[in-house]
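Hi there,

I'm handing over the structure we talked about, and my notes on it follow below. Please have a look at it first and then read on.

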Amino acid sequence: MLRFIKMVFLAVAMIVVILLSLANREIVTVDLLPDGLSEVYAYSIDLPLFVVSLASIGLGLVLGYVIEYLREGKHRQMARRKRREAEQLANEVTALRKRHLSEEDEVLAILESAGKNA
């Protein structure tokens, strides 16, 4: 059901993008710098308005993903540290089981080893 809802949402979004693109086909001039600074370096390009809009949305999405990736770095670092700790503890448990357990029940083996040490 969730997959169906996702597909419907994507289809509606694509229809909206296509309709907006068809409605905004007029050519606009995109300047690199504002008019006051254009004496230094003047560069402009003529593009359809929908290309400018879609490029702006895409750039915003990419910047958002990059910023979010950098912001979550501390969480990924902590997850790596916890994963290493878990692996070390699992290795330690395995080594202790090999050293201390016999074919008996774990509790009995621990009680026996505690009795021998006392």
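Predicted model: local features only at pLDDT ≥ 70, side-chain atom pairs only at ≥ 80, totals over all residues.

One term before the rest: a contact here means heavy atoms within 4.5 Å.

Serine 21 sits in helix 1. Apart from its neighbours within four places in sequence, serine 21 is in contact with Phe50 and Leu54. Is serine 21 buried or exposed? Its relative accessible area is 14%, and because buried means under 20%, serine 21 counts as buried. The side chain of serine 21 also reaches the backbone oxygen of valine 17, at 2.8 Å.

Serine 21, Phe50 and Leu54 turn up again in the lining of the largest pocket, together with Val17, Leu20, Asn24, Leu49, Ser53, Ile57 and Gly58. The space in this pocket comes to about 240 Å³. Which helices supply at least two residues each to the lining? They are helix 1, residues 2–23, and helix 2, residues 49–71. Helix 2 gives the most, with 6 residues.

Valine 28 has a relative accessibility of 24%, so it counts as partly exposed. Leaving out neighbours within four places in sequence, its contacts are Ile45, Asp46, Leu47, Pro48, Leu49 and Val52. One of these, leucine 49, is 21 residues away along the chain, yet the C-alpha atoms of valine 28 and leucine 49 are separated by 5.9 Å. Leu49 is also among the residues that line the largest pocket.

Now for the protein chain as a whole. Its secondary structure consists of 4 helices and 2 strands, and read along the sequence the pattern is α-β-β-α-α-α. Of the 118 residues in the chain, 2% are buried, and serine 21 is one of the buried residues. The chain exposes about 10600 Å², with carbon and sulfur atoms supplying 66% of that area. As for contacts with a separation of 6 or more, 23% of them are between residues 24 or more positions apart.

That is what I have for now.

Best wishes

How values were computed:
Residues numbered from 1 in each chain as written. Heavy atoms only, no water. Buried < 20%, exposed > 50% of the residue type's maximum accessible area, 1.4 Å probe, protein only. Areas by Shrake-Rupley, 256 points an atom, 1.4 Å probe, with all protein chains shown as cover. 1 Å grid on protein atoms, 1.4 Å probe; cavity = no way out; pocket = protein on both sides within 12 Å on 5 of 7 lines; lining within 4 Å. Points joined across faces, edges and corners; volume = space filled by probe spheres on them. Polar contact = N/O pair within 3.5 Å; in protein donor to acceptor, adjacent residues only side chain to side chain.
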